[in-house]
Amino acid sequence: MDTQSVTEAAKALADKAGELATNAQILANQAAGMAAEATPVAAGGGNEFWFLLTVFVLAVFLGFYVVWSVTPALHSPLMGVTNAISSVIIVGALIAAGPEGFSGSKVLGFFAVMLASVNIFGGFIVTQRMLQMFKKKQK
């Protein structure tokens with residue numbers, strides 16, 4: 001092969017590569033458009049609200065069972081763990097209440113901050129009272 005035919009073959013390959021790149025870009029744009037139009041579906045293919053409500057109800061029953069089955073000797077450590085969990089709840093509630101504008105999540109985030117704060121401070125008060133029960137009385 002001479003250099004002229006090699007140059008022409010390389011030019012033809014470059015043109016085909018350019019066409020393939022253009023077609024790939026068009027397909028990528030179409031796929032991105034379809035992905036943006038797709039709506040996420042919760043686990044089980046149902047409505048996300050029912051999925052989250054189910055998780056909430058199960059968490060309530062599990063929490064009720066755990067708290068009421070703890071022996072009285074372990075109430076102080078349980079209160080400490082509850083306070084730690086409430087601090088995590090406050091972080092999530094602040095994230096929910098933080099965005100600009102007014103929405104339902106902002107209102108729920110505000111109430112979550114208030115309720116978790118009451119839980120934390122009340123937990124510390126109860127823990128202090130329980131610890132005072134174990135102190136020896138001074139004469």
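Biologist: Buried means under 20% relative accessible area, exposed over 50% and partly exposed in between, with a 1.4 Å probe and protein chains only; what share of the 139 residues do buried residues make up?

Modeller: Buried residues account for 10% of the 139 residues in the protein. The model is predicted, so local features need pLDDT of at least 70 and side-chain atom pairs count only at pLDDT 80 or more, while totals for chains, interfaces and linings use all residues. Residues are numbered from 1 along each chain as its sequence is written, and side-chain values use heavy atoms, leaving out hydrogens and water.

Biologist: How many helices and strands does the protein have?

Modeller: There are four helices and zero strands, and from the N terminus on the order is α-α-α-α (helices are DSSP runs of H or I with at least four residues, strands runs of E with at least two).

Biologist: Which residues are buried in helix 4?

Modeller: In helix 4, which covers 104-134, the buried residues are G109, V113, A116, S117, I120, G123, T127 and M130.

Biologist: And how far apart are the end C-alpha atoms of helix 4?

Modeller: They are 45 Å apart, which agrees with the 45 Å that its 31 residues should span at 1.5 Å a residue, the expected span being 1.5 Å times one less than the number of residues.

Biologist: Switching to pockets, how much space lies in the largest pocket?

Modeller: The largest pocket holds about 420 Å³ (a pocket is an open set of points on a 1 Å grid over the protein atoms alone where a 1.4 Å probe fits, with protein on both sides within 12 Å along at least five of seven lines, and lining residues have an atom within 4 Å of a point). Its lining has 15 residues, of which A59, V60, G63, I85 and I89 are the closest to the centre.

Biologist: Which element gives the most to that lining of the largest pocket?

Modeller: Helix 2 does, with eight residues, and both helix 2 (48-68) and helix 3 (75-97) supply at least two. By class, the lining of the largest pocket has eleven nonpolar, four polar and no charged residues, where Gly counts as polar.

Biologist: What about the second largest pocket, and which residues line it?

Modeller: That pocket has a volume of about 150 Å³, and G92, A93, A96, S105, L108, G109, F111 and A112 line it. Helix 3 and helix 4 are the elements giving two or more residues to this lining, with the largest share, five residues, coming from helix 4. The lining of the second largest pocket divides into five nonpolar, three polar and no charged residues.

Biologist: How many aromatic pairs are in the whole structure?

Modeller: A search finds three (ring centres of Phe, Tyr and Trp, the last by its six-membered ring, within 6.5 Å, with planes under 30 degrees apart stacked, over 60 edge-to-face and the rest tilted). One of them, F49 with W50, is edge-to-face at 5.2 Å centre to centre and 75° between the planes, and W50 is exposed, at 53% relative accessible area. Another, F64 with W68, is tilted, with 6.1 Å between centres and 55° between the planes.

Biologist: Where do F64 and W68 lie, and is F64 buried or exposed?

Modeller: Both lie in helix 2, four residues apart, or about one turn of the helix. F64 is exposed, with a relative accessible area of 54%, and W68 is exposed too, at 65%.

Key
Grid points are joined across faces, edges and corners, and a volume is the space filled by probe spheres set on the points.
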